[in-house]
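Me: I would like to learn how to read side-chain contacts in a model. Can we go through salt bridges and ring pairs in turn?

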Amino acid sequence: MAKVGRNYIMMWMLFSILLILGHSVEAGKLRHFKWDVEYIFWSPDCEENVVMGINGQFPGPTIRATAGDTVVIELTNKLHTEGVVIHWHGIRQLGTPWADGTASISQCVINPGETFYYRFKLDKAGTYFYHGHYGMQRSAGLYGSLIVDVAKGEKEPFHYDGELNLLLSDWWHESVHHQEVGLSSNPMRWIGEPQSLLMNGRGQYNCSIAGAHYSNSSSTKCSLRGGEQCAPKILLVLPNKIYRLRIASTTALASLNLAIGNHKLVVVEADGNYVQPFAVDDLDIYSGESYSVLITTNQDPSNNYWVSVGVRGREPKTPQGLTLLNYNTNSPSKLPTSPPPVTPLWNDYAHSKSFTTKILALMGSPQPHKTFHRRITLLNTQNKMNGGYTKWAINNVSLTLPPTPYLGSIKYGLKNAFSLVNPPENFPNDYDVMKPPVNPNTTTGNGAYTLAINTTVDVILQNANALSENVSEIHPWHLHGHDFWVLGYGDGKFDPKRDERKFNLKNPPLRNTAVIFPYGWTALRFVADNPGVWAFHCHIEPHLHMGMGVVFAEGVQHVNNIPNQALACGLSGKMFTTRAANHNN
């Protein structure tokens, strides 16, 4: 297997010399989708529940298009009692920041009964997904895959014979409304660990498709015929072929580890960007991340093989999610001869860091600017507010979004729409990130970081101890509207004099999501070259709900052609109404 990995790597080096990323793509097709969002009854893990579906299905429809295509989604809200928006995760929305799908940031929510037209260009090939970005609607099941193929006449820098897709998520039996109330209560009622892990929207609760077939298992075998909504989506393959497996994680909480029995995974893409290929037995994937891996089906074709996902970074109380890599010479009901791969220990962070630091940009990828114009250090802390409400805060400010979207209030110079106080750009030097906060109290705020257009910005994500002693959690941070270079990771408190020397300025990976490990820091660099207002936040759904995010605004004066409907609420909505009234008089 090691030889297979080396062969891929050598092949990639040849291809990468000819590869130039970030090129312009020719005008593509117009692809129109008509979607209705509504609650439906579904059984994601064999237990019937209410999920948020699109056109009567869960997960939502897969969008498949080509770089250069323009996508139009005609989205009608049929939820009756709540608004909705959809974020197109990883799509940079060049020139269309109003289509980013972030409530109170880029647009107003789409009210019940209303139809909103998202229109944007797919500027870059890659593995992406979409999801709800209002309240905790991602947890309710509002998500689906978004796959962008290379533009016509271009080739990927690797060969494969077929393609497979895995969209990973976690699932609770308790409704998101119940969860939201619990998180906002005093004392907080934590959502707990998910009941199930889903692969392409399918999992099994209180039973296992592996059952008690193996000596080390006491699980009850699921009684499935294959047509159930919770029946695993089998990955059918031919022997002696190379498959590209696209993997994306839209989990609300869980960090995951994925493995395929007896098969190496050669990582070739991360968050829509090509990486230097490397072979692993398993990979960690955090909420908001996506990967492509190549697998070679060169194992015994008389057997099938387990595909497993398990929880990492939190003490696992959720069983593995399972499906089968089914060699077509076998029945899909034939169980593998070996038990499912064992997920690494949840707190084996050395394993996690070893994988993460192997990810490097492919030769020919854009290189980071060697210097920065501005550095913002963001301390991640868990805090208390108003006598006992639990919050997550950044530099001791817990984000609360305003009723008027920032894009409208900044573009039209509306007063009193949000706080004009600049958010803190650092935290006190004497703050001990290894201990609970001495003063746990925090405040809320909705100020935005204003970035000068086309400047280079460094962000240092600094993790810390939570409210309880000896607790520091993993946080995957996602930036809207941009990719960033991940310059490095480290343990303890970031020290510029010591740690800047460790930065990788040669071939750091371009990502849109990056993790900070417990008690550690992660250094990012990006260019503020996309006019708009962009969210930057922890991709763990309850953490964002509790305030773990910030807002970046850049070059908003250069944004044009914003549909009025995107901003027809709050102060911008009142402004449009006043203008219309004056026009009619």
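Predicted model: local features only at pLDDT ≥ 70, side-chain atom pairs only at ≥ 80, totals over all residues.

Me: How far apart are the closest N and O atoms of D271 and R511?

Reply: They are 2.9 Å apart, and the two residues form a salt bridge. D271 sits in the loop between strand 14 (265-270) and strand 15 (273-280), while R511 belongs to strand 28 (residues 510-511), so the bridge links parts of the chain that are 240 residues apart.

Me: Which residue forms a salt bridge with E500?

Reply: The partner is R375, with the closest N and O atoms 2.6 Å apart. E500 lies in the loop between helix 5 (496-499) and strand 28, and R375 lies in strand 20 (residues 374-385), so the pair ties together parts 125 residues apart in sequence.

Me: Is R375 buried or exposed?

Reply: R375 is buried, because its relative accessibility of 18% falls under the 20% cut-off. E500, at 33%, is partly exposed.

Me: Where do D499 and K502 stand on that scale?

Reply: D499 is buried, with a relative accessible area of 0%. K502 counts as exposed at 52%, because the cut-off for that class is over 50%. Their side chains meet in a salt bridge with an N to O distance of 3.2 Å.

Me: How many salt bridges are found in the whole structure?

Reply: The search finds 24. Salt bridges also link R64, D149, E163 and R246 in a network.

Me: What describes a pair of aromatic rings?

Reply: The description uses the distance of the centres and the angle of the planes. In this model the count comes to 28 aromatic pairs. For W88 and Y130 the centres are 5.6 Å apart and the planes stand at 50°, so this pair is tilted. W88 is in strand 5 (residues 86-89) and Y130 in strand 7 (residues 126-132), 42 residues apart. W88 is buried at 0% relative accessibility, and Y130 is buried with a relative accessible area of 0%.

Me: Which cluster includes W88 and Y130?

Reply: Ring pairs join F33, W35, W88, W98, F116, Y118, F120 and Y130 into a cluster.

Me: What is the angle between the ring planes of F526 and F552?

Reply: The planes are at 35° and the centres 5.8 Å apart, so the pair is tilted. F526 is in strand 30 (residues 520-527) and F552 in strand 32 (residues 549-554), 26 residues apart. F526 is buried at 2%, and F552 is buried at 2%.

Key:
Residues numbered from 1 in each chain as written. Heavy atoms only, no water. Salt bridge = Lys/Arg side-chain N within 4 Å of Asp/Glu carboxyl O. Helix = DSSP H or I, 4+ residues; strand = E, 2+ residues; numbered from the N terminus. Buried < 20%, exposed > 50% of the residue type's maximum accessible area, 1.4 Å probe, protein only. Phe/Tyr/Trp six-rings, centres within 6.5 Å; stacked < 30°, edge-to-face > 60°.
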